[in-house]
Amino acid sequence: MATTLVRPRTTVTTPDTADTARRAHKALRQLGPNWYASIMGTAIVANAGATLPYQVPGQRVACQLVWALSAVALAVLLTARAGHWIHHRDQARAHLLDPAVAPFYGCLSMALLAVGGGTLIVGKDLIGTGAAVAVDAVLFTAGTAIGLVMAVAVPYLMVVRHKVEAAQATPVWLLPLVAPMVSAALGPLLIPHLPAGQPREALLLACYAMFGLSLLATLLMLPLVFGRLIVGGPLPLALTPTLFLVLGPLGQSTTAVNQLADMAPQSIGAPYAGAFGAFAVVYGVPVMGFALLWTALAAAMLVRAARRGMGFAMTWWALTFPVGTCVTGAAGLARHTGLAAFAWLAAALFLALLTAWLLAAAHTLRGLFSGRLLAAA
């Protein structure tokens, strides 16, 4: 009987494949939590575009496509970040202990919430209302839990572990504090899908509690940021776009009070439902006024930085999500006041948001394909 020799298979690693694996490993190590800002900035385009007072033919379909893009990008990034924690745990811990990077952990919460909210706003057209409610319930719960944890954990680390000085204050410090405000603004989308009575009232008041939590924490942090600008001068060129992060709590809080006012009549009895409706306007109009003031200041600083040679960095994504929250905030005020001026403001801000998103997305894709964005420092 003949004997057949079976040789064991061997995997041949060519220099090219080894080099590709090495570069991928190095790129994964550099993948920080700041990348979630690109998901936030993409999702808000879909969410804001679908809720604009003015709609043109094909606008909702375009918003559906952008939402689908944000959902796919979120899944890819979550997978990559999980790999980062598994294979580069030392770097992940170093990020938490770096005062310049740790605040970006708040972006994970907001990315989950933004995509989840978009699922109910436009995604339901593609996957059905039932599936959309289930997806948003999961993402809202996870995003809210993570946001509340980070709202405590990051300031705690700043106090006991990070060595920070007043001169280091930047609007990035606001990121973990804004996350609960995003929950407050998007939580009302789930209220109509809850049983009438205490479940709806509980979620409504929980969202108001998160509104207050985020607002008061922001009011504590914002003077540090503005004081640093006045005393220390302009931010470094690469950080200049982060000035727009201040718009996040302003626009998102205005959005929150308007969204909650819409849901109040079916969640809580008189006289609170009417009071919440009045509060949406009484609070939202002055805050939107300050948001416009800050927009003008930040835009002037951005022009100054551009004239001095500011190049692309991931901080450009700060020009998207915060502006988008002002779009939804202005749209909410247009709904509750009936003023065309707020509808025009929402449309103008949306055009600015769309322009910023196109620029940030194009430069990000170029940086990814060239390998520059994830190159080792």
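Predicted model: local features only at pLDDT ≥ 70, side-chain atom pairs only at ≥ 80, totals over all residues.
Me: How many helices and how many strands does the chain have?
Reply: Helices (H or I, at least four residues) and strands (E, at least two) are DSSP runs, numbered from the N terminus. Reading along the sequence gives the pattern α-α-α-α-α-α-α-α-α-α-α-α. The count is 12 helices and 0 strands.

Me: What is the radius of gyration of the chain?
Reply: The radius is taken over C-alpha atoms, and the globule rule is 2.2 Å times the number of residues to the power 0.38. For 377 residues, a compact globule would come out near 21 Å, and the chain agrees with that at 22 Å.

Me: What percentage of the residues in the chain is buried?
Reply: Buried means under 20% relative accessible area, exposed means over 50%, and partly exposed is in between (1.4 Å probe, protein chains only). Of the 377 residues in the chain, the buried share is 50%.

Me: Among contacts with a separation of 6 or more, what share joins residues 24 or more positions apart?
Reply: A contact means heavy atoms within 4.5 Å. Among the contacts in the chain with a separation of 6 or more, residues 24 or more positions apart account for 82%.

Me: Is Leu204 buried or exposed?
Reply: Leu204 sits in helix H8, which covers residues 198–232. Beyond its neighbours within four places in sequence, Leu204 is in contact with Ile191, Leu260, Met263, Ala264, Ser267, Ile268 and Phe276. Ile268 is 64 residues away along the chain, with 8.3 Å between the two C-alpha atoms. With a relative accessible area of 0%, Leu204 is buried.

Me: Which side chain makes a polar contact of 2.9 Å with the side chain of His336?
Reply: His336 is in helix H11 (residues 321–337) and counts as partly exposed because its relative accessibility is 28%. A polar contact is a pair of N or O atoms within 3.5 Å; within protein, one must be able to donate a hydrogen and the other to accept it, and residues adjacent in sequence count only if both atoms are side-chain atoms. A polar atom of the His336 side chain lies 3.0 Å from the backbone oxygen of Gly332. The side chain that makes the 2.9 Å polar contact belongs to Asp262.

Me: Where does Pro271 lie?
Reply: The peptide bond leading from Ala270 to Pro271 is cis, with omega near 5°. Pro271 itself is in the loop between helix H9 (247–263) and helix H10 (272–307).

Technical notes
Residues numbered from 1 in each chain as written. Heavy atoms only, no water.
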